[in-house]
Amino acid sequence: MAAARPSTALSRATETLEMIVPRWSVWVLMTLASQPEALRYSDLKSRLPWLADGQLHPRLRTLGEAGLVERTALSRLHVTYGLTDRGRDLLPVLEALAAWGDQCLEKKLVETKVVKDGKTTVEMRPERIPAAQNAEDALSLISRRHTTALLWTLKLRGTATMAALRQEAMPDLVESSVYTPVYRLIEDGLVAASRSADTSPDVQVEEVVRLHLTMAGEALAPVYRAVSAWAAGRSQADANAHPLWVTPGLPASARAGQWTAHRARQAARPAVPVAQPPVPVPAMAWKPAELFSTPTTGPCR
């Protein structure tokens, strides 16, 4: 039987993630979305002061070529940048990414002042991460090559062996090619492995490794629903009708930021101090006012 080919929905979702994954893309999009009107370049740059011209200009140009950002030249010296309708339609995807990152990515515990019954105490709580950074960190996990295909296949099958997963998600590659991306997903906390005995009558009894999504992997459902709706040009009101990525039943007691150990995030990004708000509360969805931890701070990774 011929190996299964990637579905159109999967291919479109993968292409969408690849389009917005370049670093700072989400920051630019969310910054533009947080303003009621288009911004002049100088105003945009003042809101992203850690970006040099050599970083901001290419992002704007690439996002413009993707049809997400519109450049309007009112005069030779008056040029503004704003989101296109297609760019604004993408905001629910960024919101879902930010919410997943806030909920699932591992956070450092920091000393935080907490007011209870009129008394101020200091407690160790997960650090606050700006919404745009949460979204970029989430993207850095799921936009890696083969990741979305592997996650979709496991969501569809429930469990799968390495061989079956490779045959369905990576049919054109050699058998050993599946190991590196799967081990990376296990390390990132999106996939887990369990061992069981194969007692088929035609083989000797031996251990079989079966893979399945973790709670953090299942929690990507809102992200993939939003991405699929946008990539297909449908309204986000139709996103919940996705035939595969239904909402999982996650425990309400799960602590934010404790499921996924995203070591790559700490290693890859230089730290920039971000002030901690007095009472951190998990942000379940991104709003324009939540783009930054404080009005003047930049990314914390």
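The model is predicted: local features need pLDDT of at least 70 and side-chain atom pairs count only at pLDDT 80 or more, while totals for chains, interfaces and linings use all residues. Residues are numbered from 1 along each chain as its sequence is written, and side-chain values use heavy atoms, with hydrogens and water left out.

**The chain as a whole**

Here are the overall values to keep at hand.

| Feature | Value |
|---|---|
| Buried share of the 301 residues | 44% |
| Accessible surface of the chain | about 15,300 Å² |
| Carbon and sulfur share of that surface | 53% |

Buried means under 20% relative accessible area, with a 1.4 Å probe and protein chains only. The areas come from the Shrake-Rupley method, also with a 1.4 Å probe. You will find 13 helices and 8 strands in the chain; these are DSSP runs numbered from the N terminus, helices being H or I with at least four residues and strands E with at least two. Among contacts (heavy atoms within 4.5 Å) with a separation of 6 or more, 67% join residues 24 or more positions apart.

**A closer look at α8**

After the helix comes glycine 158, with a positive phi near 85°.

Beyond its neighbours within four places in sequence, threonine 153 is in contact with Leu165, Glu168 and Ala169.

Technical notes. Buried means under 20% relative accessible area, exposed over 50%, partly exposed in between (1.4 Å probe, protein chains only).
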